[in-house]
Amino acid sequence: MKKLTLFIVSDSVGETADLVAKAASSQFLHGLESVSMKRFSHIEEESQLDEIAYLAKEQNAIIVYTLVKSAMRKKLKNECTIHGLQCIDLLGPVVDRIGSELNQEPIEEPGLVRKLDEDYFRKIEAIEFAVKYDDGRDPRGILQADIVLIGVSRTSKTPLSQYLAHKRLKVANVPLVPEVDPPNELFQIDPNKCFGLNISPEKLNSIRKERLLALGLKDDANYARIERILEEIVHFENVVEKIGCQVINVTNRAVEETANVILSELANRDRA
């Protein structure tokens, strides 16, 4: 069985070229067994390309490369021509075509795809965290969270948690009701990462009545009565005072506006 050697050359990790080479090899009988792949990652100096070309010549290898810098691509192609080597540029033609169509010059910064992937997975992790620790389901999440939101029912804790999760922040939220003691974890965290969400009794009364009607229930239930709401707000105020956290009035604020208040506060603290 004939053997073939591929040199995978990249100025980043080299996963893209490696996957393409494996996908191509798998199309042939015993392809993955007969094709040997050697990966050369984080190639940033032209002198390294000289060495790779020399090794490829010795081993009669085909060079498959993904180099974002045009100067490096040109250098490797010239070396392959000098040594009579076969080479395949997986990235260059696509980058050149896109640049031509967009009338833009490429950034030529290695590893951007990996950075984007890592950013994406951080966002997914934060979203999953917000779902898992929504509505006080598991107080253990309070200690792991970047941000903890507390407030009475219907103060937009859940949508705010999800919005902030899309900003890659792990958010836990906890509802406060007079009949249930707040979890001990609330008093163990840094108060700076906790935000209380307050709302006017009249606005909350209106929101809760609409919620009851949407559920097909009467709007005069205890849940929506102003006396009950006032009791809950007093309890909320006692808890946030004990924690010592910042309170945001969400009465006339959209979720995005409340999120911006929190993000601005966090940014200010980072600069301080």
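Modeller: Not counting residues up to four places away in sequence, Arg228 touches Val177, Pro178, Glu179 and Asn222, where contact means heavy atoms within 4.5 Å. The model is a predicted one, in which local features need pLDDT of at least 70 and side-chain atom pairs count only at pLDDT 80 or more, while totals for chains, interfaces and linings use all residues. Residues are numbered from 1 along each chain as its sequence is written, and side-chain values use heavy atoms, with hydrogens and water left out.

Arg228 lies in helix H10; helices (H or I, at least four residues) and strands (E, at least two) are DSSP runs numbered from the N terminus. Its relative accessible area is 12%, so Arg228 is buried; the term means under 20%, with exposed over 50% and partly exposed in between (1.4 Å probe, protein chains only). Pro178 is 50 residues from Arg228 along the chain, and the C-alpha atoms of the two are separated by 9.8 Å.

H10 (residues 226-243) also packs against helix H9 (residues 201-214), at an angle of about 120 degrees and with the axes 10 Å apart. The axes are lines fitted to C-alpha atoms, for helices over the stretch in contact, and the angles run from 0 to 180 degrees between N-to-C directions. That angle makes H9 oblique to H10, since angles under 35 degrees count as roughly parallel, over 145 as roughly antiparallel, 65 to 115 as roughly perpendicular and the rest as oblique. On the H9 side, Pro201, Glu202, Leu204, Asn205 and Arg208 meet Ile226, Ile229, Leu230, Glu232 and Ile233 of H10. The residues of this contact of H9 with H10 divide into 6 nonpolar, 1 polar and 3 charged (nonpolar: Ala, Val, Leu, Ile, Met, Phe, Trp, Tyr, Cys and Pro; charged: Asp, Glu, Lys and Arg; polar: the others, Gly among them).

From H8, Pro159, Leu160, Tyr163 and Leu164 meet Val255, Glu256, Thr258, Ala259, Ile262 and Leu263 of H11. The residues of the contact of H8 with H11 divide into 8 nonpolar, 1 polar and 1 charged.

Ser156, in the loop between strand S5 (147-151) and H8, has a positive phi of about 65 degrees although it is not a glycine. Ser156 is partly exposed, at 36% relative accessibility. Arg168, in the loop between H8 and strand S6 (171-175), is likewise not a glycine and has a positive phi of about 70 degrees. Arg168 counts as partly exposed, with a relative accessible area of 31%.

Another loop, between helix H6 (112-132) and helix H7 (140-144), holds Asp134. Asp134 is buried at 12% relative accessible area. Beyond its neighbours within four places in sequence, Asp134 is in contact with Thr158 and Asn173.

Finally, the cysteines. A disulfide is taken as a pair of cysteine sulfur atoms within 2.5 Å, and the count by this rule comes to 0. For Cys245, the closest cysteine sulfur belongs to Cys194 and is 3.8 Å away, too far for a bond. Cys245 is buried, with a relative accessible area of 11%. The sulfur of Cys87 has its closest cysteine sulfur in Cys80, at 3.7 Å, again too far for a bond. Cys87 is partly exposed at 29% relative accessibility.
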